[in-house]
Amino acid sequence: MSQTTIMDHPLIQHKIGIMRVKTTSTKEFRDLVAEVAMLICYEATRKLELSDIEIETPLVKTTVKEIAGKKLCIVPILRAGLHMADGILNLIPNAKVGHIGMYRNEETLEPVEYFCKLPHDAAEREIFVVDPMLATGGSAIAAISQLKARDITKIHFLCLIAAPEGVKALQAAHPDVDIFIGSLDECLNENGYILPGLGDAGDRIYGTK
């Protein structure tokens, strides 16, 4: 049974609050994206399966836990998801990384795919799709559909900010995917942007307009 988790940790809420301020610098915004992504990933990985292995400490042999199976794969939706992936890699440096290229048609608000590259064993891994904003849900839905078309089933979606409309759409399209949200905002405006939101995450990460 999938679940939708909205983070209530004080550190996440504090950092997202700074990100919302329009005068926050590009460098600080970029750093905060990575930090919040790492904190959300900490919660999103809580239910990973473990297995026992025997090791030898400097004193004795003992049994310890390790993550079972083929481990993890982070799949950022380009381009804004890249810096979330960097933050998660600080927490899980051995994770593999795939990439899905999507952009939003500003007139139709529909996602347009232009790239997909995944590790050869992605179907055997826990996949964490990351994108800072879940607005209409179109890009997330399309990206996850791409993964499922490649027989990938263990999928989780992580975002910093979400609108209720996007959450509802993603839940309806992919009810088997766990969703982890830094902050659930109020609504979308007439242009499909999240309110109160934090602006265009990609532009603020990379200093573009």
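Q: Which residues does UniProt list under "binding site" here?
A: The UniProt entry, which is unreviewed, gives R79, R104, D131, P132, M133, L134, A135, T136, G137, G138, S139 and D200. Keep in mind that the structure we're looking at is a predicted model.

Q: Okay, take G138 from that list. Where is it?
A: G138 is in helix α4, which covers residues 138-149.

Q: Is S139 buried or exposed?
A: Buried: its relative accessible area is 19%, and the cut-off for buried is under 20%. G138 also comes out as buried, with a value of 19%.

Q: What does S139 touch, leaving out residues up to four places away in sequence?
A: I77, M102 and P111.

Q: Switching to salt bridges. How many does the structure hold?
A: There are 9. One of them pairs E35 with K15, and their closest N and O atoms are 2.7 Å apart.

Q: Which helices do E35 and K15 sit in?
A: E35 is in α2 and K15 is in α1, so the pair ties together parts 20 residues apart in sequence.

Q: Is K15 buried or exposed?
A: K15 is buried, at 17% relative accessible area. E35 is partly exposed, at 29%.

Q: What else does K15 touch, besides E35?
A: Not counting residues up to four places away in sequence, K15 also touches L32, V36 and L39.

Q: What about D185, what does its side chain meet in a salt bridge?
A: That would be R20, with an N to O distance of 2.8 Å. D185 is in the loop between β11 (178-184) and β12 (187-188) while R20 is in helix α1, so this bridge ties together parts 165 residues apart in sequence.

Q: How accessible are D185 and R20?
A: D185 is buried, with a relative accessible area of 8%. R20 counts as partly exposed, at 25%.

Q: Which residues are in the network with them?
A: R125 joins K96 and D121 in one network, through salt bridges that share partners. D121 is buried at 3% relative accessible area, whereas K96 is partly exposed at 30%.

Q: New topic: the largest nonpolar core. Which residues touch the most other members?
A: M19, I40, I88, L158 and L160, out of 35 residues in that core.

Q: Which elements give two or more residues to it?
A: Helices α1, α2 (26-44), α3 (81-91) and α6 (201-206), along with strands β4 (72-78), β8 (126-130) and β10 (155-162). The largest share is 8 residues, and that comes from α2.

Q: Back to L158. What is it in contact with, leaving aside neighbours within four places in sequence?
A: I40, C41, A44, M84, I88, F128, V129, V130, D131 and F180. D131 in that set is also one of the positions UniProt lists for "binding site".

Q: How many residues are in the second core?
A: It has 24 and is separate; V75, L118, I127 and I181 are among them.

How values were computed
Residues are numbered from 1 along each chain as its sequence is written. This is a predicted model: local features need pLDDT of at least 70, side-chain atom pairs count only at pLDDT 80 or more; totals for chains, interfaces and linings use all residues. Side-chain values use heavy atoms; hydrogens and water are left out. Buried means under 20% relative accessible area, exposed over 50%, partly exposed in between (1.4 Å probe, protein chains only). Contact means heavy atoms within 4.5 Å. A nonpolar core is a set of buried Ala, Val, Leu, Ile, Met, Phe, Trp, Tyr and Cys residues joined through side-chain atoms within 4.5 Å. Helices (H or I, at least four residues) and strands (E, at least two) are DSSP runs, numbered from the N terminus. A salt bridge is a side-chain nitrogen of Lys or Arg within 4 Å of a carboxyl oxygen of Asp or Glu. UniProt positions are given in the numbering used here, feature names are shortened, and annotations may be inferred rather than shown by experiment.
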